[in-house]
Amino acid sequence: MQDLHEPRFVRENGLEARISAMVEPAILDLGFRLVRVKLSGLNGLTLQIMAERPDGTMSVEDCEKVSRAIAPVLDVEDPINQEYNLEISSPGVDRPLVRASDFARWVGHLVKLELAEPLDGRRRFRGEIRGVDGGDLILRLEDLPDDGVPDIPLPLANMGEARLVMTDALVEAALKAEKAARRKAAKAAAKSD
């Protein structure tokens, strides 16, 4: 099980950061981890809040719990000065990666990412997650460099945005992980009865 309080290295800015600070304590109190807060102008203004259990799962019922917990916080704090739609969601299969444990959980899968600050003149990378070593993501580049070294370290602290790339292998792994999490939850519920 992943640490509920593991810090995110990909964080919001501006109003999204203020909203994140408002809602994260309520999300943590329920036993969930905040993944991302994002405002978008699609279909009017939408405030999307992604959350998950420490094991990476998030059911429809979990989304409802989070919504009921944070709606009063948003009503009292009133951070958005216009009407908006509140959307609570799971990170999904091609999820954003915001913690070191996210990368560790998805070793062997493709990721596309953008660094906050360029590294050797480059910001965008795509490749296979090979692991996490200390504060670095080890990435096997799809576009191999001329020097023939396919695996490069990228500092997690410099991560601006990272997202899994949808592949058949990723879908299969996500379904397997969800099934295992459900079995585990069912066993835990049976023990508590």
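Modeller: What follows covers salt bridges, an aromatic pair and a surface patch. Please keep in mind that this is a predicted model.

Biologist: How many salt bridges are found in the whole structure?

Modeller: The search finds twelve salt bridges. One of them joins R124 and E114, with the closest N and O atoms 3.4 Å apart.

Biologist: Which strands do R124 and E114 lie in?

Modeller: R124 lies in strand β5 (residues 122–133) and E114 in strand β4 (residues 110–119), so the pair ties together parts that are ten residues apart in sequence.

Biologist: Is R124 buried or exposed?

Modeller: R124 is exposed, at a relative accessible area of 59%. E114 is partly exposed, at 26%.

Biologist: What about D151: which side chain does it meet at 2.7 Å, N to O?

Modeller: That is R140, in a salt bridge with D151.

Biologist: Why does D151 count as partly exposed?

Modeller: The relative accessibility of D151 is 27%, and partly exposed covers values between the 20% limit for buried and the 50% limit for exposed. R130 is also partly exposed, with a relative accessible area of 36%, and R140 is partly exposed at 29%.

Biologist: Changing topic, how many aromatic pairs does the structure hold?

Modeller: It holds one aromatic pair. The rings belong to F9 and F103; their centres are 5.8 Å apart and their planes are at 20°, so the pair is stacked.

Biologist: Where do F9 and F103 lie?

Modeller: F9 is in the segment before α1 (14–29) and F103 is in helix α3 (residues 100–105), so the pair connects parts that are 94 residues apart in sequence.

Biologist: Are F9 and F103 buried or exposed?

Modeller: Both F9 and F103 are buried.

Biologist: Last topic: which residues form the positive surface patch?

Modeller: The patch consists of K179, R183, K187 and K191. Of these, K187 is found in helix α4 (residues 168–192). K187 is exposed, with a relative accessible area of 59%.

Note on methods. Residues numbered from 1 in each chain as written. Predicted model: local features only at pLDDT ≥ 70, side-chain atom pairs only at ≥ 80, totals over all residues. Heavy atoms only, no water. Patch = residues over 30% accessible without salt bridge, like charges linked within 9 Å, V, L, I, M, F, W, Y side chains within 5 Å. Areas by Shrake-Rupley, 256 points an atom, 1.4 Å probe, with all protein chains shown as cover. Salt bridge = Lys/Arg side-chain N within 4 Å of Asp/Glu carboxyl O. Lys, Arg positive; Asp, Glu negative; His and termini not counted. Charge placed at Lys NZ, Arg CZ, Asp CG, Glu CD. Helix = DSSP H or I, 4+ residues; strand = E, 2+ residues; numbered from the N terminus. Buried < 20%, exposed > 50% of the residue type's maximum accessible area, 1.4 Å probe, protein only. Phe/Tyr/Trp six-rings, centres within 6.5 Å; stacked < 30°, edge-to-face > 60°.
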